[in-house]
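Here are my notes on this entry. Please read them with the model open.

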Amino acid sequence: MAKAKKQSVKEETVDLTMAEKILDQYWDVEGCLIPVLQKIQNEYGYLQEPVINLVSERLNMSLSEVMGVASFFAQFHLKPRGKHIIKVCTGTACHVKKAKGLSAKVIDRLKINANETTKDRMFTFEEVACLGACGIAPVVVVDKDVHGTLSPDKLGDVLDGYAKSYA
Amino acid sequence: MVSRTKTKKRKAKSSGNGKGSVISVCLGTGGIAAGGDKVFEKFKRVIKNKRLDTAIGKRVCKTAKTGCRGLCAKDVLVDVTVPGKQALTYERVTAEMVPQIVEDHLVNKTPVKKWLAKGDYHKFHDNQQRLILGNCGAIDPENIDEYTIKGGYKALEKVLTRMSPKAVIGEISKAGLRGRGGGGFETGWKWESCAKYDSDEKFIICNGDEGDPGAFMDRSIMEGDPHVVLEGMVIGGYAIGATTGYIYVRAEYPLAVERLRMAIKQAEEYGYLGDNILGSDYSLDITIKEGAGAFVCGESTALQFSIEGKRGMPRTRPPQSVESGLWNKPTCLNNVETFANVPVIINRGAKWYSKIGTTKSKGTKIFALTGNVKNTGLIEVPMGITIREIVFDIGGGIPKKKKFKAVQIGGPSGGCLPESYLDKPIDFESLLEAGAMMGSGSLVVVDETTCMVDMARFFLDFCAKESCGKCPPCRVGTTLMLEILIRITQGEGKEEDMDVLEKMSDEINTMSLCGLGQSAPNPVVSTLRYFRDEYIAHIRDKDCPTATCVALYKYTVIPDKCTKCTLCIRNCPVDAISGSKEEVAFIDREKCIECNLCYEKCNFMAIK
């Protein structure tokens, strides 16, 4: 419990210098909110409250406007994410090639549901719509590595590989 | 200002132009997943050791990330060109095969026949007409010189020196080019109506927000041949008098963004983009806008809001974008593939172009052929081709001796067409008539193991999740329809459900604000129309004929179909199946843990 508390305190004291820098480049560009949020997320991993407050202040937009955009687009994350991002493609081609079994494998192995992160913040599991690699369906992308024509068994090996390198 | 002389002075550099042999390894997603980078490294090492005069290039095929030459199923593909001879293609190359290929083919000049691409590789290509994809996989997308050698930017030169904007629009109209993004709106007409509005600022936007699951042609063009998009855009910009251009690229395509950025920089250096293009008085700057992950942003007004930095939600029309679009200025928005068609039309003329295709749909269309078909990948075919030609001649048919059931065309806005449509020629009109849609051109082949009710549920789930939430018919309607479908797949369907679904589909279609909502029920409507018996089986008999819907699983062996191959017995993890080579298999329901392995393993559909 104490540990968890400590962590949350740590999260609230965010170093805002990088965000300031990004905002300095963009504040007078018309329609810059989305690129600003993208750049900030690249730096910080996800969009934390203090950063969003800062963006709203500097761009002279209401907090609801900024949050409206941040919560609308799937690419923006408001919660911390794991070190490895596992994306199971659920596009049409992967669907007819039984991508369901791959999701089940991940859920079974990591004990998390879609859009959740493991407790050790090692893995985040997401189901995404079409990664555009339908030729080698079903596809799972871990970070930037594409694994194609998978079966639940093969996916197990792939996951083992990532777990091992950080064991 | 960059003068044209400077442009011409630049010496063309191309990996394919040297005197030595050239090896190009396909490094697409498919290629890399199959070990392409290992093959590439091995070639480099072997060639270095042997001190051969060979240029080895990353044939950053059609795309570095999607696959090579459209045939990912045969990866890793390697092209070997020996001076004075035609390029030969090896399929399924592994690192172990590399030394022998180098030794035999490069040193002794005798190709390794047994590893050369077989008949269906050629069949896959021979049946296509690659007007737009021609450069993809053939040139290095990161090198503008390779594009210009192949006649790139010739069309732009022609337009700027010899054609008036009106003449350009006239040519595009005469060619009969229609938008490749889905609706099939006439491009010439759109340009003409945008050109007639006077404004201090005008925008031309390239819609690269390819969101349809199962489609990846736009990504391939942007990654494999980015300059053709730029050329098409500048020509379009000139025709309508645009002052600024935007390319809106989907968030999931980082490589496309990278390649386009590189291409823009090169084009600016060469004077094809920026101030006073090629010495004329027309100027255009193009900026890339990265999307942030929303399917609805493929809709033109939503996309424009997203560029303005707002939530991507469509608005009511009129006014149309051509009158008042981005920042309330006249805006012309076209799809990536549409722009890629423009230079072809200008170069070869409207008359030549309009001979390809059907009466109302001209030219070629790129389809992403995926799903349960042997040769998956991107194909480019003339409009009016039949589904049978695509699936069986180019695609090579259904693997594992399973039976063809349907093709799903057009993504979530499209529909499923059954076997009876195999011989129908496809163009914009015929697909609409059949209850499907061209959409962006995804073509997913479905075999007999796929449940059509589950397929409808799948698409509706997608639309319900991607609904922007602005208008209730779409937001509430799709969710309610999804609930009904989920109930049916769980064996709790009611007799009246089918009628309710049909009625709701009609209502959502007529009342939704934008294309996403209007077309969201299409997959349900088309499956109800062609596969009603499957719905009935789910509802009345509580049975899923394909054993896809988990809640309705039965796991029994159909004795007539069982060939006594014992494959299921060997694969059952809990020894629940008995039988032998002489005896039909039998599943003990007490022991069965419903893992579905036996069903998947059975090659004869003998388990349900």
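Predicted model: local features only at pLDDT ≥ 70, side-chain atom pairs only at ≥ 80, totals over all residues.

1. From α9(B), B:Trp191, B:Cys194 and B:Ala195 make contact with α11(B), where their partners are B:Gly236, B:Ala239 and B:Ile240. By class, the residues of this contact are five nonpolar, one polar and no charged.

2. Now the geometry of that pair. Helix α9 of chain B spans residues 187-195, and helix α11 of chain B spans residues 226-240. Their axes come within 8 Å and cross at roughly 45 degrees. α9(B) is therefore oblique to α11(B), since the oblique class takes the angles left over by the roughly parallel, roughly antiparallel and roughly perpendicular ranges.

3. Next, the contact between the chains. Chain A puts in 29 residues and chain B 40 residues. On the side of chain A that touches chain B, α3 (33-44), α5 (63-72), α6 (92-96) and β5 (145-147) each supply at least two residues. α6(A) gives the most, with four residues. This side of chain A has 18 nonpolar, eleven polar and no charged residues.

4. Last, helix α2 of chain A, residues 17-26. Which of its residues are buried? They are A:Ala19, A:Ile22 and A:Leu23. These cover an arc of only 100 degrees around the axis, so they sit on the same side of α2(A). An α-helix has 3.6 residues a turn, so residues three or four places apart point the same way.

5. The other side of α2(A) has exposed residues: A:Thr17, A:Glu20, A:Lys21, A:Asp24 and A:Gln25. As for the buried residues of α2(A), what covers them includes α3 and α4 (49-58) of chain A.

Methods:
Residues numbered from 1 in each chain as written. Chains lettered and ligands numbered in written order. Axes fitted to C-alpha atoms, helices over the stretch in contact; angles between N-to-C directions. Parallel < 35°, antiparallel > 145°, perpendicular 65-115°, else oblique. Contact = placed C-beta atoms within 7 Å. Nonpolar A, V, L, I, M, F, W, Y, C, P; charged D, E, K, R; others polar. Buried ≥ 20, exposed ≤ 12 C-beta atoms within 10 Å, placed from the backbone. Arc of directions from axis to C-beta.
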